[in-house]
Amino acid sequence: MMKSHAKSLYIIISVLLSAVAMSFVDGFIQPPYLYKSILKIFLFLLVPLIYFLLFRDEISSLKQLFTPRKKDFLFALSLGAGVFAVVMLAYFLFRNYIDFSGIKDSLTSGIGVNAGNFIYVSLYISLVNSLLEEFFFRGFAFIILKKHMSRWFAYLFSSALFALYHVGMTNGWFHFLIYILAMLGLFAGGCIFDFLNEKCRNIYPSWLVHMFANFAINTVGCILFEII
């Protein structure tokens, strides 16, 4: 019982501090993207790995997070394709009602993303960064935490921290009401991702859906930077 309490405490405190730290860095410090990525790798990868080094009886759970099943891939790919289509449709329907120039200016002045490096950044975001976030928020902060806390607490905690993590990153992008809706959408998305992974007991379903969502967002970015 004491060991389970220590495990849940480590996860809750480390996820909370890491998410708040990244949101603060994104919203206020705004370092170049390379430096921000290095910090995120340290927080979202090494912090959980320290947990598994401290509690070696959890190694089997770590392996399970990365054990794929073919039917999970097929389901997630079809769902991801649907998410891509919905995001792109939403962009073309509402592009005349949202000032996307603010997002472009924020990316350029805030973290140094421009037309010259956007393709490389977008590939990293879609393929690597999405996997890092899914391991941290869905694998570590949900599947592993759920073993030591109630199921509903794990759902609420991982999804709320996933939304909180994006607060600094998206600050100033939208009108306040749209911003609130975006945060609620991220929370709901986090719950859906948790549900997908709970059924499959690995992080691949949410990673693939997350990847396709990023593909769509980065396609919009390519339009904004006039790359396509």
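Predicted model: local features only at pLDDT ≥ 70, side-chain atom pairs only at ≥ 80, totals over all residues.
Colleague: Where is Gln30 found, and what is its phi?

Modeller: Gln30 is in the loop between helix H1 (2-29) and helix H2 (33-54). Its phi is positive, about 50°, although Gln30 is not a glycine. Helices here are DSSP runs of H or I with at least four residues, strands are runs of E with at least two, and both are numbered from the N terminus.

Colleague: Which loop holds Arg201, and is Arg201 buried or exposed?

Modeller: Arg201 sits in the loop between helix H9 (176-200) and H10. Arg201 is not a glycine either, yet has a positive phi of about 65°. With 52% relative accessibility, Arg201 counts as exposed.

Colleague: How many helices and strands does the chain have?

Modeller: The chain has 10 helices and 0 strands. Read from the N terminus, the order of elements is α-α-α-α-α-α-α-α-α-α. Of the 228 residues in the chain, 46% are buried.

Colleague: How are two packed helices described?

Modeller: By the angle between their axes and the distance between the axes. Axes are lines fitted to C-alpha atoms, for helices over the stretch in contact, and the angles run from 0 to 180 degrees between N-to-C directions. Take helix H4 (residues 70-94) and helix H10 (residues 204-224): their axes come within 8 Å and cross at roughly 25°. H4 and H10 are therefore roughly parallel to each other; the classes are roughly parallel under 35 degrees, roughly antiparallel over 145, roughly perpendicular from 65 to 115, and oblique for the rest.

Colleague: Which residue classes make up the contact of H4 with H10?

Modeller: The contact of H4 with H10 has 23 nonpolar, 2 polar and 1 charged residues. Nonpolar covers Ala, Val, Leu, Ile, Met, Phe, Trp, Tyr, Cys and Pro; charged covers Asp, Glu, Lys and Arg; the others, Gly among them, are polar.

Colleague: At what angle do H2 and H6 cross?

Modeller: The axes of H2 and H6 cross at roughly 30° and come within 11 Å. That makes H2 roughly parallel to H6. Ser37 lies in helix H2 and, at 9% relative accessibility, counts as buried. From C-alpha to C-alpha, Ser37 and Asn129 are 8.3 Å apart in space, and 92 residues apart in sequence.

Colleague: Where is the kink in H6 centred?

Modeller: The bend at a residue is the angle between axes fitted to the seven residues ending there and the seven starting there. In helix H6 (residues 118-146) a kink of about 40° is centred on Ile125. H6 is mostly covered, with 22 of its 29 residues buried.

Colleague: How many disulfides are there?

Modeller: A disulfide is a covalent bond between the sulfur atoms of two cysteines. The rule asks for a pair of cysteine sulfur atoms within 2.5 Å, and by this rule the count is 0. Cys200 is buried at 9% relative accessibility, and Cys222 is buried with a relative accessible area of 9%.

Conventions
Residues numbered from 1 in each chain as written. Heavy atoms only, no water. Buried < 20%, exposed > 50% of the residue type's maximum accessible area, 1.4 Å probe, protein only.
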